[in-house]
Every structure is written in structure tokens, then in C-alpha cells.
Amino acid sequence: MSVNGQTAPHALATAKRLPLARLHFTNEPTQVHAVQSALLMLPYEILEAVLLHLPTRDLLLSQRICQRFRYMVESSKPVRRTLFLEPAHHNGQLDDWPLLKFNPFLTNQLAGSFHTRAIGVHRGKDGIVKMVAHMRYEKEALLDDDWAEIILYEHASWKSMLVSQPPATLLMHPSASLFWKTAMEQRAQFWRDDAGFTILDALGCADW
């Protein structure tokens, strides 16, 4: 396979060095627009591989560059699993998937915007993933009008990110954390969502 006369591996290596963050500006020099055109002409599989090399934040923001990038984030299962936008296991059986991973975007990019109480994720012997958490917006984060607009944007895709992979399907309030991982855990009240709890789900429990 070739792209603009280049072999696929060479095109991939070249594309990985492209200034993705600058491509959405319309007043960039002609050379940058030529780079943009070359990038957008890459086959789906190569462009997917390029995007998967991006940090989580840049990968999420790549949707804003153009419709093709947005389509990639919406349609590519590897990209969506990397972004915690859908479960990363393939066969749907949580007990067959040993890895438990906490969403790094929540702890890195969004940590200063939320007040979080006792967020913890635990996988039981039965394969079910449980989460204990209470989260709300930090008042200081909302004082910055520009940042508040980003954080409160109704359709922000980060709100649909799962808190963990595999997804936590049982949520418990921190006030019941004395029961956490004990024989008395069954006495605590759990909220269940078989699709997995998202960041927005945790924020929606602010009145607990």
C-alpha cells in the first residue's frame, strides 16, 4: 500500500510527526495546509494508528480538527476503547478480562475541576467491578468563564468516558465506605448500571 508515493510504514512515521494541534487554523502557511491534506488522505487504518499514538487529551481533542477525525473517534473501536468511551473487553464477559484500569483522563486533566470523595474501584472474585465515589464540580474551576464553559458544555465527549476498564457496574456512596471490601458490603446500598458508570454518572450523584 502506498500513500502519495510513500509506503504505508513511511507514511505512518511521517504522519506521526505532523502538528495535529495546529491543523484547525485556517490562516496557517500553505505548507501546513499541504501537510493537512496529506494527513487526511491517509487510509483509515494508518490514520487510526497515528491517532492511537496521541496522548489521551490530544486524542479526545482531535475530534475538533475536521469531520474525518471526528468520524474516526466515533467509529474506531480501538480509539473509543483507548478513550474509555466503550468497554475494552471483546467478548462481553467481565470475568474473562483480568486487567482493571482507572481512567487516566479523570485523574490527570480533570482532577483540578472536581472535588472527589473516596473514589475507588474494586474488582470482586465474581468479576463484577464496584466503585465507591462522590464527585462534584469545584467552585474555583467554575470561576473561570472560559473553562467553566468547557466543563459545563452539555455535549462534551469526556462526560461519556467510563471511569474504569472494565467498566464499574456497581456504584456505592463513600458514606458506606466502612463496608468496602468487607463481609458487610452487602448491607450497603448500590446503584447498578450494566452499561458501566461514566464520569457524568458520578457527577450526577452530587445530591447524595
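Rings of Phe, Tyr and Trp (its six-membered ring) pair if their centres lie within 6.5 Å; planes under 30 degrees apart count as stacked, over 60 as edge-to-face and the rest as tilted. This is a predicted model, in which local features need pLDDT of at least 70 and side-chain atom pairs count only at pLDDT 80 or more, while totals for chains, interfaces and linings use all residues. Residues are numbered from 1 along each chain as its sequence is written, and side-chain values use heavy atoms, with hydrogens and water left out.

Start with the whole protein chain. Ten helices and eight strands are present (DSSP runs numbered from the N terminus: H or I of at least four residues for helices, E of at least two for strands). Of the 208 residues, 41% are buried (under 20% relative accessible area; exposed is over 50%, partly exposed in between, with a 1.4 Å probe and protein chains only).

Now colour the aromatic side chains: the whole structure holds three aromatic pairs.

Select Tyr 44 and Tyr 71. Their ring centres are 6.4 Å apart and the planes meet at 70 degrees, so this pair is edge-to-face. Tyr 44 sits in helix α3 (residues 44-51) and Tyr 71 in helix α5 (residues 67-75), so the pair ties together parts 27 residues apart in sequence. Tyr 44 is partly exposed at 28% relative accessible area, and Tyr 71 is partly exposed at 49%.

Next, select Phe 114 and Trp 158. With centres 5.8 Å apart and planes at 45 degrees, the pair is tilted. Phe 114 belongs to strand β4 (residues 114-123), and Trp 158 to the loop between α9 (145-152) and β6 (164-165). Phe 114 is buried at 4% relative accessibility; Trp 158 is buried at 7%.
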